[in-house]
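Here is a short briefing on one protein chain. Have the sequence and the 3D view open as you read.

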Amino acid sequence: MSFRHISRRALRLTARPTPTPLAFRPLTTSLPRVSPQPTSPTASSTTATQPHPHPPSASFHPAPTSVFTPLDTFLPRHVGPRERDVQDMLATLGFSSLDAFIDETIPRNVRVPELTDSDADGNGLRPLSELELSRRAEEVAAMNKGMKSYIGMGYHNAIVPPVIQRNILENPAWYTAYTPYSPEQSQGRLESLINFQTVAISLTSLPIANASLLDEATAAAEAMAMCLAAIPKPKFTKGKKVFLVSPTVAPQTIEVLRTRAAGFGIELRVAQSNETLEKEIEEVGDQGLMGALVQYPDVNGAVGDWEAAAKKVKQAGAKMVVASDLLALTMLKPPGEWGADIVCGNSQRFGVPAGYGGPHAAFFACTDEMKRKMPGRLVGLSKGARGEPAYRLALQTREQHIRREKATSNVCTAQALLANMAAMYAVYHGPAGLRRIAGKVHSLTRVLATSLESLGFTVLNKAYFDTLTVDVSSAGLSAAQVHEASVNAGINFRKVDDKTIGITLDESVGPLDLTDIVNVFYRVKGQAEIEPDTLDALARKLDLTAESLEAPLGHLARESTFLTQPVFNKHHSETDMLRYMMHLQEKDYSLVHGMIPLGSCTMKLNSTSSMVPLSWKEFGGVHPFAPVDQAKGYEVLINELERDLSLVTGYDATSVQPNSGASGEYAGLKVIQAYHESKGQGHRDVCLIPLSAHGTNPASAAMVGYKVVPIKALADGSLDLADLKDKAEKHRDNLASFMVTYPSTFGVFEEGIEEACQIVHDNGGQVYVDGANCNSLIGLTSLGRVGGDVSHTNLHKTFSIPHGGGGPGVGPISCKAHLAPFLPGHPLVATGGSEAIPAVSAAPWGSASINTISWAYIKMLGGAGLTQVSKIALLNANYIAERLRPYYNIRFTNRNNRVAHELLIDLAEFEKSAGLKVADFSKRLQDYSFHPPTAQWPISTCWLIEPTESEPKHELDRFIDALISIRKEIDEVVEGKLSKEDNVFKNAPHPLQILTDDKWEKPYSREKAVFPVPGLKKSKFWPSVSRVDDAAGDLNLICECGSTEDYV
């Protein structure tokens, strides 16, 4: 027991003049921290290892030549090549200086003055050392008030099991991995994600679920789009386009639905009341209804019986969507049993901190008939070439990079890291543990309801799980009086209206917490406060004991079992849990093993120093709808980050609300659309997009309601300016926007980018410059400088948020001043521009907590450091290109024979000469202990390679040597030394198991198979399965876990 709790109990033995505020009680969402109380001197030291009483924001900052200059600077720890390496690489390229190299790589006409380390000249950012950053982060964190929020609305106080926090959230082997497109090297997190899918399948009683979406609100919007996709186009054209929503769905969800509906031509209707919902379904009828959405339990805590409504929806030929709560579904009759077609929600309360809104993994399950329309990634079971069970991403033809403008979803990333945390939470607790947690939460809610009713307050929702909506006017009080008293006690309740409040309990609530909640009401009633033993006695009077936690609800109780699979019923000790997580971890390739050269993915270092604050309770324990004056630390951090992002991108304003790159694209286009509407030109609906663009670009444009017109590329990979000019002029009366990536997805800085942007502006359009490749240009040019009006940047690429095995991400948008008034707002918290578009994410600032990472990254690098990072990223890519040029076809370069931060290697010639496809090369590279580059995109015969600035020269050389060795193996096939059908490529990758096979009948040695270069005998990452059969997995779709032996 903590000293604070002992002190608190001692206070209860005295006269209790004033209750101790909750700000002094440790929260349970993350590791507790103690921060110094700031004062305000004019100067102070920042080099002490212990906290200094003075704040670092008022510190003395020595000149670079001073003996006091910090030695723990971040730039040399982040950048891989040493100064000698840089000189060697420049010599290989034929340059004497880094600046001379840059001059031949980026067109001089778009260059900008380089960023400096001075924050006084308007073009710089002063860098902080790692220790200075830590102290500044503590100072900012201390500005957030340590309140206990019972606001609910989809967000809860969560207990993060320490074994999961330390070994998943804080473990680079989990958070530095990429989306599992290389399944032989990803079996660990694929298994964990299929556990997540199984949780959703089992608790919703629907047959299939995906591997997570961005948040509950956008998941509901995706569900609405799925309902649309299920309607034949002729019926939609004739008016079958109404999506009917219960008024007790969370308001942030309704707002995001409203945002999305317009672009699809969907008529969104909010029902007058839940009581009239069935009647309204009948009135809309078969001719108009395409889908309906209810919340179960709803935002007010009521548990409604929606079965009759679901039947009427189906009778109208529409789909029933349910937003729900995983913990509640351990006790409530699952929606799949009463007619739901789609069930979605937030998995946050399964062991993930609230984090001021995110990131959290949304779950999404549906009926079997809708599986091929389901957005996001889906993990399925297949088999390896040796016949062993193996997981993979299934049904990938659904994804936007294939469907482009025909897609109804632009989902690219997901929330894999958070989904893995939630899955591990379910594994650790198991079905019995989850059910007992739910039972305790519900039992305490019953105690609370009874206590409030005894004081004269009215609980409006008689059927509930964890949330009460309370009419305080029945006790002669206003909601304002109750909120004032609760805040004084360190507690937040939900603000409903002037006479109604909401209270949502969670697993963190103990006897002291519940006593504090109840005492708020005793206090406002002017009555003597109670002790925990009063509530304990009340619980016993209600027959609520430790033994009663598994008792069923009296209303819509769940009768079916759930999570019966072995994995959820065996890892309940920390020893077992730790070993299970390590068992999975050892199967996955991440940045802890070596370079991940995925083009357009920017797999750079995710530094420990920038990750540490994410685990602090001061950031993790804040509810997204808490009063903004309680989140001053977040306000400071987000304002500084938005200001810094505006500076480095060349824009005037930024919003961090979009919680993925694709979400940023969508938000940016919505901003453009709102701007045109404000000018009376809302008819503009044509979007020009190069054929080389990432698939999310046309998908996002289609979601906004734009007509996509493709723009050609020339043979050298550059944009066809003549084609752009012709089409811009052809559509000048309706031209809305032009989406272009800079540098291009072909790995080259477009020399005609300014002319392209001017063509669009001359014809009335706005320019969206995709910032996916921004890691190549910070401090050297900018997205705004080349002609952009709005852009997104990927904080999970350029600004070092880890990819997490497939998420999370943040895709903030930055824009010029004329678009700033339209930056996204929110229905519950004031944010965005003066004429804000509706919300694009559930939370006001999206995945707010991980913004701490990018904020720290920028602060530690400073202006000159950010610029140097871009230079080294360009140098590393060009060094690889130069050394591989004698062996492979470097597809595109600029006129100086230079690439940008990534390069395309065309492998087409080897399909003709050796019968080898790109996939064969990717599988063989695994045998060299590398993750393969991006394959078959943006050109189907190519590898796209991006090394980033974090990789040291010796790792680049190891990669280059591997590719040179592979080229020699190609020659063996071409020369007939190895057959085209049976060779090291076609049989790759070679797992460890081949070393113990009784027979070896391949036309090459085992040593050649697994140790093609000598260094692998010292250190090698082994694929855990043989080549995965993609077709088998799609033909026999299995997307939930079991004993894998069941499928052999």
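Start with A693, which is buried because its relative accessibility is 5%, below the 20% cut-off. The model is predicted. From this residue, the briefing moves to other sites, then to domains and a surface patch.

- A693 sits in a loop. That loop runs between β16 (686–690) and α24 (696–704).
- I905 is 212 residues away from A693 in sequence. In space, their C-alpha atoms are 18 Å apart.

**The annotated lysine**
- K797 carries a UniProt annotation, "modified residue: N6-(pyridoxal phosphate)lysine". The entry is unreviewed.
- The loop between β20 (790–792) and β21 (813–815) holds K797.
- Is K797 buried or exposed? K797 has a relative accessible area of 11%, so it is buried.
- Which residues does K797 touch, leaving aside neighbours within four places in sequence? The contacts are S600, C601, T602, K604, A772 and H803.

**A buried helix residue**
- Helix α9 covers residues 216–229, and A225 lies in it.
- A225 counts as buried because its relative accessibility is 1%.
- F243 is 18 residues from A225 along the chain. Their C-alpha atoms are separated by 9.9 Å.

**Domains**
- The domain assignment gives domain 1 as 71–147 + 591–975. Domain 2 is 172–240 + 252–291 + 306–428. Domain 3 is 432–556.
- Domain 2 gives ten residues to its contact with domain 3, and domain 3 gives 16 residues.
- How far apart are the C-alpha centres of domain 2 and domain 3? They lie 32 Å apart.

**The annotated C-terminal span**
- An unreviewed UniProt entry marks residues 870–990 as "domain: Glycine dehydrogenase C-terminal".
- Residues 870–990 are 45% helix and 10% strand.

**A nonpolar surface patch**
- Which residues form a nonpolar patch on the surface? They are F60, V67 and F68. Together they have about 380 Å² of accessible area.
- F68 lies in the loop between α1 (3–12) and α2 (75–78).
- F68 counts as exposed because its relative accessibility is 55%, and the cut-off for exposed is over 50%.

Methods:
Residues numbered from 1 in each chain as written. Predicted model: local features only at pLDDT ≥ 70, side-chain atom pairs only at ≥ 80, totals over all residues. Heavy atoms only, no water. Patch = residues over 30% accessible without salt bridge, like charges linked within 9 Å, V, L, I, M, F, W, Y side chains within 5 Å. Areas by Shrake-Rupley, 256 points an atom, 1.4 Å probe, with all protein chains shown as cover. Salt bridge = Lys/Arg side-chain N within 4 Å of Asp/Glu carboxyl O. Helix = DSSP H or I, 4+ residues; strand = E, 2+ residues; numbered from the N terminus. Buried < 20%, exposed > 50% of the residue type's maximum accessible area, 1.4 Å probe, protein only. UniProt positions renumbered as here; feature names shortened; annotations may be inferred. Domains from an automatic or database assignment. Contact = heavy atoms within 4.5 Å.
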